[in-house]
Amino acid sequence: MGKTLYEKVWEAHNVGTLSDGRTQLFIGTHLIHEVTSPQAFGMLRDKGIKVKYPERTFATVDHIVPTDDQSSPLSDPLAEKMLQELRKNADEFGITYFDLASGKQGIVHVVGPEQGITQPGMTIACGDSHTATHGAFGAIAFGIGTTQVRDLLATQTIAMAKLKVRKVKVDGKLRPGVYAKDVSLHIMRLLGAKGGIGFAYEYCGSTFDNFTMEERMTICNMAIEGGARCGYVNPDQTTFDFLEGRPYSPKGEAWQERVEYWKSLASDADAVYDDVVEINAADIEPTVTWGVSPDQGISIGELIPDPKNATSTAEKASFEEALEYMKLPAGAPIKGTKIDVAFLGSCTNGRLSDFREAAKYLKGHKVADGIKAIAVPGSQITAIQCKQEGIDKVFEEAGFEWREAGCSMCLAMNPDKLIGDQICASSSNRNFKGRQGSSIGRTVLMSPVMVVAAAVKGELADAREVFDVA
Amino acid sequence: MSEIKTVVGKAVTVAGNDIDTDRIIPAKFMKCVTFDDLAEGMFYDVKVNPNTGELTDHPLNAPKHAEASIILTGENFGCGSSREHAPQSIYRNGFRAIIAESFAEIFFGNSITLGMPCVSASSEDISALSAYVAENPETEVSIDLEALKVSYADKSFPVELPSSAKMALTSGRFDPLTELMSNGAAIEKTAEALPYV
Ligand code: SF4
């Protein structure tokens, strides 16, 4: 009987069984950022414990950095303190740190792949739920809590129970104007925000075979929004081409050897899955969320759900709660809903290809009057690449603010926040209540091209109509 | 670490499904380098009216529930961000257990490591308990982690807890660090066999 990639990687990293029955799992790569790591270093210091494999941890700063003025010291003293703390911890424990001055700083899930740190067959953990992103490379990657960050620093292992594996197979060609983000929102709509609890998702099928690494990352990134702690795509030539020549990728003879190893990790044709879901790519439309959970999505042409049509009392209550918060009318078209802010960025959709695709359509258009529109590259390297291609100019000429790299308005731990009940067309991954910095702020998730369409129209719009996509 | 076999206390309801960790602790409270001062931020946007700055009429604000140490809630509690700030803020407000229809995985793991049991029960049983404590806030609710049973007044209902979490809590080994550290040789052996380490 064949094995899935998940099983092969799990077995290779299995140190042993702990007394409570969980596995002690070796973690090949540990990524850290400023929000969830300082407490862990504090715990190590309290106990006088050293970091076991400092060369296997990589740090960057992303959540709290301002995206307008990053000069030192940061204007927010609390943010500055967190920055200093990370610097101190990296220094003291001998950890590689991509600081603001390094030219390599960025959102941790953009930096790892960009540097070639993220590789197939690794176990990767980070105190951040969107670590699932790295699964795009055929890694088993997941978010952990801060106490586990401590465990990982101290031992390079964590205690974990094995997950089941669900195959999510998407076949066919996406229609024009439909993107990886739409696939992700569509999967969540089908399987629900908690449908993936207890599972790792193996994304496969011809749609995934044809996807770029960026597209695969967008979907693995949001595995966690569907409850799956990790999602992965089997490594293939697209993966190897992406990695070849990156700073941390194997070089010379080692490269070819490693590629052979990576190939051997892909799920076997006769692997057995705990569940299989099949989706037809042609069924997917440009999708937007209407509620306060990422699974509350509809296609741009649909009507906002009416609680009257809910299939259970629990569903009715959640529809009502979402509509009340979002201040949206049940049963009305979602298209045409006025927006206040447009945000293009985040670890879901803040990569070069996202800005490139959005700029292709934005060129020659203007952001509607009264709309605050910001574009925030996912990393300093992404920012430079965009500048080299003149993408920043396209955004600025259209009326977007072009910012420095960071998480920014995805969770608004920096100064980029919604005000009051502003409604934001956002390329990020969470539309939770209060997510974008105002406790009554509203978020509508969508693809980057849909964000720029909304910015241009000043309302939720079908990008295919706004930009004549055929 | 001490063994956790039962949790006894008063309960309060935080109604709703899919309550995410941004709700439990908004990001603005995460600008900190220790977990020490997280108590205040717990459910801040639920407890404080954003327009008036006044306390809402949420049960968490009700004086009759001031002593509560058990949270009752719905499905997929703790979804979203992996922030351990969420269970830490709950724990630092004196809560010692959560009864929900289901839990998000990372939140669940974080809570168990902290020694805060998260047990699941049916929607009906939780609703009944919730209605009862709303009327009788002084009720002692007892969670028996060995028998996997919740009792209050003259009633009881079964709860679920994965066996590894049950074992970890009831044996007092919910913080795995010591055990993880004791396997240094096995860790090194595993590392050496990996082509990339
Ligand atoms: S961009 Fe958003 S989701 Fe991604 S790591 Fe930053 S805060 Fe988290």
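Between chain A and chain B of this predicted model, 18 residue pairs are in polar contact, both residues of each pair being at pLDDT 80 or more. On the side of chain A that touches chain B, the elements giving two or more residues include helix H1 (5-13), strand S1 (14-17), helix H3 (77-93), helix H5 (146-155) and helix H10 (252-265) of chain A. H5(A) contributes the most to this side, with seven residues.

The contact as a whole draws 66 residues from chain A and 51 residues from chain B. About 5000 Å² is buried between chain A and chain B, and carbon and sulfur atoms give 60% of that area. Five salt bridges are found across the interface of chain A and chain B. A salt bridge also joins the side chains of B:Lys31 and A:Asp76, at 2.6 Å from N to O.

One residue of helix H5 of chain A may be described in detail, namely A:Thr146. Its relative accessible area is 1%, and A:Thr146 is therefore buried, the limit being under 20%. The side chain of A:Thr146 reaches the backbone oxygen of A:Thr36 at 2.9 Å. Apart from neighbours within four places in sequence, A:Thr146 is in contact with residues of chain A, among them A:Gln39, A:Ala40 and A:Met43, and with B:Phe35 and B:Glu84.

Over all chains, a search of the whole structure finds 44 salt bridges.

| Salt bridge | Distance, N to O |
|---|---|
| A:Lys433 and A:Glu321 | 2.6 Å |
| A:Arg356 and A:Glu389 | 2.7 Å |
| A:Arg464 and A:Asp462 | 2.9 Å |

A:Lys433 and A:Glu321 meet in a salt bridge. This pair links distant parts of the chain, 112 residues apart: A:Lys433 lies in the loop between strand S18 (423-426) and strand S19 (442-445) of chain A, and A:Glu321 in helix H11 (residues 313-326) of chain A. A:Lys433 counts as buried at 13% relative accessibility, whereas A:Glu321 is partly exposed at 35%.

A:Arg356 and A:Glu389 likewise form a salt bridge. They stand 33 residues apart, with A:Arg356 in helix H13 (residues 352-362) of chain A and A:Glu389 in the loop between helix H14 (380-388) and helix H15 (391-398) of chain A. A:Arg356 is partly exposed, with a relative accessible area of 42%, and A:Glu389 is partly exposed at 40%.

A:Asp462, a partner of A:Arg464, is buried, with a relative accessible area of 7%. Salt bridges with shared partners join A:Arg175, A:Glu285, A:Asp462 and A:Arg464 into one network.

Conventions
Residues are numbered from 1 along each chain as its sequence is written. Chains are lettered from A and ligands numbered from 1 in the order in which they are written. This is a predicted model: local features need pLDDT of at least 70, side-chain atom pairs count only at pLDDT 80 or more; totals for chains, interfaces and linings use all residues. Side-chain values use heavy atoms; hydrogens and water are left out. Contact means heavy atoms within 4.5 Å. Buried area is the accessible area (1.4 Å probe) that two parts lose on being put together, summed over both. A salt bridge is a side-chain nitrogen of Lys or Arg within 4 Å of a carboxyl oxygen of Asp or Glu. A polar contact is a pair of N or O atoms within 3.5 Å; within protein, one must be able to donate a hydrogen and the other to accept it, and residues adjacent in sequence count only if both atoms are side-chain atoms. Helices (H or I, at least four residues) and strands (E, at least two) are DSSP runs, numbered from the N terminus. Buried means under 20% relative accessible area, exposed over 50%, partly exposed in between (1.4 Å probe, protein chains only).
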